[in-house]
Amino acid sequence: MSVRVKLSDIADAIDSGQEAYIDLDTGEIIYRFDGFDDYEETDDGHDTVCIFFEYNVGYRAMECFIDGIEDDSKAEMLGHAISGNGAFGRFRTAVECLGLLDEWYSFKEDFILRKAREWCEDTGVSYNE
């Protein structure tokens, strides 16, 4: 495979939680909801590979962020925020209230990009930063 894919495109696909594929001939990211039904081959005969992502990667990112919080009371508050339905909204509100919103966004971006790099290296997909 000679095509190089933008790492940020792969990260966006992982973060979307949608089933997505890379067209190995063009580097295009194809989402399942775009009418793409066959994970082995597109209608135009191009080879594709499914972008595999860790189930609920966004939730895992929140857990890892909380693990890195040194202030036990803040970590406890965030831990409670992610339990049960509505976890993502409560977490976002909690990090904002605690003044950690910028740190969260930076952490999440790095986390997803790291997952994208790992996936590319595991599957042999070439990428550009």
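Author: Here's a walk through the core, then the helix pair and the sheet beside it. Keep in mind that this is a predicted model.

Some background to start with. The chain has 129 residues, and 37% of them count as buried. Its secondary structure comes to 5 helices and 5 strands, and going along the sequence you read β-α-β-β-β-α-α-α-α-β. Of the contacts with a separation of 6 or more, 50% are between residues 24 or more positions apart.

Now the core itself. The largest nonpolar core holds 39 residues, and the ones with the most contacts inside it are Ile-10, Ile-22, Ile-29, Ile-51, Leu-78 and Phe-91. At least two core residues come from each of α1 (7–16), β2 (20–23), β3 (29–31), α2 (57–67), α3 (72–81), α4 (87–97) and α5 (101–123). The top contributor is α5, which puts in 8 residues.

Leaving aside residues up to four places away in sequence, Phe-91 touches Met-62, Phe-65, Ile-66, Leu-78, Ala-81, Ile-82 and Trp-104. Leu-78, one of those partners, is also on the list of residues with the most contacts inside the core.

Next, the helix pair. α1 packs against α5 at an angle of about 105°, and their axes are 9 Å apart. That angle makes α1 roughly perpendicular to α5. On the α1 side, the contact uses Leu-7, Ser-8, Ile-10, Ala-11, Ile-14 and Asp-15. From α5 come Lys-108, Ile-112, Leu-113, Lys-115, Ala-116, Arg-117, Trp-119 and Cys-120. Sort the residues of this contact by type and you get 9 nonpolar, 1 polar and 4 charged. Ile-10 turns up in this contact as well as among the core residues with the most contacts.

Three strands make an open sheet in the order β3-β2-β4, with antiparallel pairing. β3 and β4 (48–50) sit at the edges with a single partner strand each, so one side of each has no neighbour in the sheet. On average, neighbouring strands here are turned by 30° against each other, direction ignored. α1 comes back in at this point: this helix packs on the sheet, touching β2 and β3, and its direction makes about 15° with that of β3.

Between β2 and β4 there are 3 bridges, with the two strands running antiparallel. Ile-22 stands opposite Val-49 in β4, and Ile-22 is another of the core residues with the most contacts.

Definitions and conventions: Residues numbered from 1 in each chain as written. Predicted model: local features only at pLDDT ≥ 70, side-chain atom pairs only at ≥ 80, totals over all residues. Heavy atoms only, no water. Core = buried A, V, L, I, M, F, W, Y, C linked by side-chain atoms within 4.5 Å. Buried < 20%, exposed > 50% of the residue type's maximum accessible area, 1.4 Å probe, protein only. Helix = DSSP H or I, 4+ residues; strand = E, 2+ residues; numbered from the N terminus. Contact = heavy atoms within 4.5 Å. Axes fitted to C-alpha atoms, helices over the stretch in contact; angles between N-to-C directions. Parallel < 35°, antiparallel > 145°, perpendicular 65-115°, else oblique. Nonpolar A, V, L, I, M, F, W, Y, C, P; charged D, E, K, R; others polar. Pairing = 2+ DSSP bridges.
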